[in-house]
Every structure is written in C-alpha cells, then in structure tokens.
Amino acid sequence: MTTSTPGGPPSRLSVPPKFAAPRPLTSAEVSALRAIADVLIPASGDNPAATSEPDFDAWLVRAVDARADAFGAITAFLGQLDDAAAGAVDQALRALHAEQPGQFQALSAVVAGAWLLTPTVRDRIGYPGQRRDPARFEEAVDQISGGILDPVIARGPVYTSDGTD
Amino acid sequence: MTNREDEVADVVVIGSGPSGGVVTHTLAARGFRVVCLEQGDWVNPTDYPANYPEWELLIQKQWAHDPNDRGLPADYPLDVSDSDMWPVMFNAVGGSSIYYGAEWPRLLPSDFRVRTLDGVADDWPITYADLAPYNDRIDAFIGVSGLGGDPAYPDGLDYPLPPHPLGKAGRKAAAGMNALGWHWWPGTNAIPSQKFKELSQCARWGTCEWGCPESSKASADIAFWPHALRSGATLITGARVRKIETGSDGRAAGAIWIDRDGAEHLQRAHAVVVCANGIGTPRLLLLSASAQHPDGLANSSGLVGKNLMLHPNCSVTGFYDENLESWRGPAGQLIHSMEFYDTRAGHDFVRGAKLQALPTPGPLNAVEVHRTLPYDQLWGAAIHDVARSHACGILWAANTEDLPDEANTVTLDPSLTDGDGIPAPKIRYRISENTRKLLRFAVERMEEIHAASGAVRTFPVELWIDQPGHLLGTARMGHDPATSVVDSYGRAHDVPNLFLADGSIFVTSGSANPTCTISALALRAAEHVAATAKDQKVSA
C-alpha cells in the first residue's frame, strides 16, 4: 500500500507521515527486545513463546516503526539490559512497570503488538484482522425479527413529555 | 495581504466539518457564492490506519484522537493544564466527523426543556418538534440506518435505511437488557447499511472512530462535500482563519486567513458563518476582538467561551466466555439505551445518561483494556488468554449529560500558540458533583448489565479523560441578548450578518451524541441565512 509521487510526496496537513524509526535497531537491541518478548510472552501450555513465532523479528521492526515516537525511550531501556539474563530482564521490566508506566506501556505495546501481528498468533487467537465483512442482506432482520425486541415494545413509550405534545 | 474585490463571497463559512458541510451545501445549492475556509486538507480512505495490520499501534500516537498527541500541521494545541478532561477533535475536510463513531441519536423532547422540567440550566428557544423536520431531512440526505418505532422517542421517528445487524455482541448485550427490563433499541448510526449516494455499504471494518477505509461512514467529507462542490461551492484547504474582520458599521466583513506558506488573505463576504466547533468557534470570536468589539466578537453578553460542556464518558468493558466476534463493526453503536436518560425520583443527581454497546475490535486493544490488572495477571503466562479475549468483548459506554457552568471556559492562552503564531485555546473545565454522581451511577448500571449478560470479567473506567469529542455550549443560543450569544438560528445578537452553526450554540448538552443535532441546527441556520438574504445584503 505504498505509492510514490514524482518530485516527492505532497505536503499533507491532516495526515501523518508514515512513521519510521530514526535508525535500524542494532543486533544488540534486537536481542534485548527478543529477551523482553519471551519474558512478557513466554511459552505456556500449548502456546509458544513470542520469539518462537515465524517472522517475529520482521514484525518487531514494523511495530517499532509504528511507535517511532517512543524509539528513544525504548532503546534507552534496551541499553540498560546489555545481555542480561532472563531473571534480570524480568526484574527490570517489573521496575519499569512500577516506576515509569508510560515507558512500560510503549515498550510492551511494541513487543505485544509485534507478537499479535504474526499470522500464526492471529490464527491461534481467532483474529481475522480488520477487513471487509459486509452483512448479508437479510442479516439484520433475521436477528431482530425473532422476538428479541418484544419486551421493549410491550413496555411502551418511555420518554418524558416536554409538555408540548 | 491578498484582497481581491472581485472575490467577495455571498457567504464565507469557516470550518468544513458536519455543520460547515451542511451550511455550504445548503447555500451553494440555492445559488449563493459560498467560500469555505478549512485549516486542514483532505484525508483519503487509503490513508486511515485500519488499512495497515499494525493499526492498533498507529492509533496510539500518530493517529491519536488527541490533537496534542497527534500534532499534525492542521492541528492547533490546547492548553489543558487546568482541565479535568482533554478535549479531542480532528482538523481536516470533514472535521471531527473523520473520527466520530457516527452514532446518530436525536436529542429527546426533555432536552429542550431542562429548566421547565428539572429546574436546572435553561430551556432552549426551540423544541423537539421544531427541530424534528430538519433532523428528518438530514437523515434522508445522508442515509441514516436505524429501526423506526423506538419507544424512547415520540411517535413517527423512522430512518431511511434499515438498521445494521446486532451481531453476537449486540444480541448478548440486548439479552442482558431484557433480563433487567431496561430500554434498549438497535443502534441508530450515520453509517449506511446499504449503498447510499457516495457512501458505500458498511463493510463492518469496526474502526469507525479512526476513519473508515470503506467510505461507508457519513463523515462530512463524503456525506456533504461532494454535493457542495458540485453545487458550485469553493473550498479552500490549508486556510487557517485568524480573525473575523468587521467594518465600521459593526457588521462582519469577511475573514482573514493564513495559507500554507504563511501568507495572509482577506476573504470578503456579505455574511460569515462560523462552524469551527465548540472550542474553535469561541477561540476565533475572542481572536476577533476590535475597538468596536473589545471583549471579542459577538460577546456583549460575556458568554463567548463560557459554559463549555464535554459529555464526560465512562465505560465498562466486559469479557465473556464465548466468541462474540467482537472484531466486527460497525462501531458505531450496536444497541443504545435511553433507560436512564431523564431525571428520576430517587436519584441523587439530575438528568441522566445515554448508554451504548459497541464491539471491541483488536487484540492489542484488548491488552490495553487489561492494563489495570496487576503485572502477573496480564504478562507472562496470562497474556495468551488475554489476547484470546479480544473476540469476547462488549464495550458499554455512557455519555453523561453535562450541565452548563460558566466557570468551564475556553479562553485565549497567554503564551501557547499554533503553528502560525495564533494564540491557542486554554481549557478550564471541572467536572461537577452532579456529573461525578452520574458517572458513578452509570458505571454501576453498566456493571449490572454485564452481570445480567454473563460477563466473566469487567473493566470499569469512571472517566475517559482523553475522549470528550463532544464540544458544546460555548456560544449558547437564546432569545435574550443579555444571556445568550446567538438566536435560535445561530445569528449573533451583536452582529446581524454573523452566524454560528456548530455545537457551540447548544444551550444544554443532553446526553445523545451531538452530531445529529448539530447537523439539523446547521440546516435550519443555513435556510434562515438564505431566507433573510436581502436583509443580510447577501445577493442570491
């Protein structure tokens, strides 16, 4: 869904530019995000951990782009982890959650958002995505005509008169 | 400054949202030379975030409802440091209807008689019956979908298109209402259930409040502007108005606006209609102070910018143990309830709330709803079930009636400015004790509804701090120039060729979503402008 315009894109006053992170993630930052992902979204029962999902890293890049506004805060936190063990990552996340909820929101939204973008997860949780899904012609009447409104109609008018009728 | 004598318009309209679209089309179709000035520009259906799989991340910042978060060139900042809520809007062709949910309930008869019936606030200078014919014509023009016969309204209310399906979520919500014996009705939406003029049949994307990629929501850019432009109207985008100019006779002479390159222009006109919303309109009137109007234009009453009403919203999201296909739209309201709309004996507050049930599209949005839980109930092993809950949700939300209070104001900020250096609005808004009680009451009722429907987990939010898009009351209508800014047609008492035609002219807020009423009032005002054109020196 990308187009190009000769001479550069026109100025848009009411449409944001397509967000992109100011620079690519470093391999260390990707590793830290993967570690975070597997703490926030670990394997559980039949559910794989986040990084076990095919193409998780590709969707992670897209999620980071979509919240490029938080890139600085996210990468600053990643820099503090520096090859930390899973236990230390967990403690750091809990501290961030408690002490800097805004930054935790952005970080966890990017990680969970990337996970939820992977097709395998969407299949597993039954999410078809937002899409065209027009109703059948008779669908509304089928749902309304079965008596569901009967008690409302039987009760009669419920509005307050303004005294002019 | 550009000022070409040969470009005097009959009418200049400021703002291209629903009211600006209605006014411009109505007058252009009658042969008036109409120029509309819009500070934003067009948004294409392919622009909207729902076109992208990462839409739930995009709406957190770059497509946020709050202009202070979004910060687009068309936006202006709002100082909300002294406000309990942060008003939201969208600045583009179509105005904030780009982002509205298109819920389309009319005000009820009691809304126009609050002083008479409840002894509070003021009566409107018009009645439900006065406005109903204009409602009917707007509904017919844009193709409103709904089911006639709602017992919450007087007889005779019907809609041009059939209602949308209730869906599994709507039927589940309705079952709870029936168990409680409370009023509900299939949702009325300005979203066509069948193809209608330029509007596509609703394809149930479910992302109505972040723009419709299907062009099947009656936002003003689609519902009114194609017709206005075909009728000969001129729409200038990227035109930010900084002042309404007045002549030596005290009448409005036109509007000074700034283009995308910062150059100033004067659009002269025989009449001016301001449709800049309940915050933008008082801001512009205050910016238009002059020697003849030292306290702001049309402000001899001192009421410009006062009585800001924001319809504080509250909600309870419920999750169920069955698949309700909650990603499916419209959203848009699946059902609505007027059960608690009016004052009741036994309540410790006056007036009431409109309740509406909506789906809950998106798994990341479901995660966000769960953020009030302790860390270990959301993250770790718990996240897998939370993610699955996206399909099982119902959002019950309430608009509460916000009574006018002169202490709730829009003024000019002494230091904050927009991208053109124009003073930004400062919002001072405090939630009243009556509203606090009403919010708590509404949350308790919505918890009851979820319980009756069988919800397994609920998440109440007693106030949506960042979601009042209903901007009302800051230039109220009335008969008396001492206690109102405009008459019932939106004509300024002080400036006979200046009209206001947006939510700022509401006397009270009701609790019905206001765009339906705003559009009907705009049609009534526009026809009055046309009918009195001779008096206004407007040459048809």
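Which residue is the bridge partner of B:K243 in β7(B)? The bridge partner of B:K243 there is B:I256.

## Basis of the model

This is a predicted model, in which local features need pLDDT of at least 70 and side-chain atom pairs count only at pLDDT 80 or more, while totals for chains, interfaces and linings use all residues. Residues are numbered from 1 along each chain as its sequence is written, and chains are lettered from A and ligands numbered from 1 in the order in which they are written.

## A hairpin in chain B

Strands β6 (residues 240-246) and β7 (residues 252-258) of chain B pair in the antiparallel sense over six bridges; strands are DSSP runs of E of at least two residues, helices are runs of H or I of at least four, both numbered from the N terminus, and pairing requires at least two DSSP bridges between two strands. β6(B) and β7(B) form a hairpin with five residues between them, and B:G250 in the turn has a positive phi of about 85°.

## The helical chain A

Chain A has eight helices and zero strands. Its radius of gyration is 24 Å, well over the 15 Å that the globule rule gives for 165 residues, so chain A is more spread out than a compact globule (the radius is taken over C-alpha atoms, and the rule is 2.2 Å times the number of residues to the power 0.38). Along its principal axes, the C-alpha trace of chain A spans about 70 × 55 × 40 Å.

## Where the chains meet

The contact takes 79 residues from chain B and 55 residues from chain A, two residues being in contact if their C-beta atoms, placed from the backbone, lie within 7 Å. Among the elements of chain B that each supply at least two residues of the side touching chain A are α5 (128-142) and α6 (167-180).
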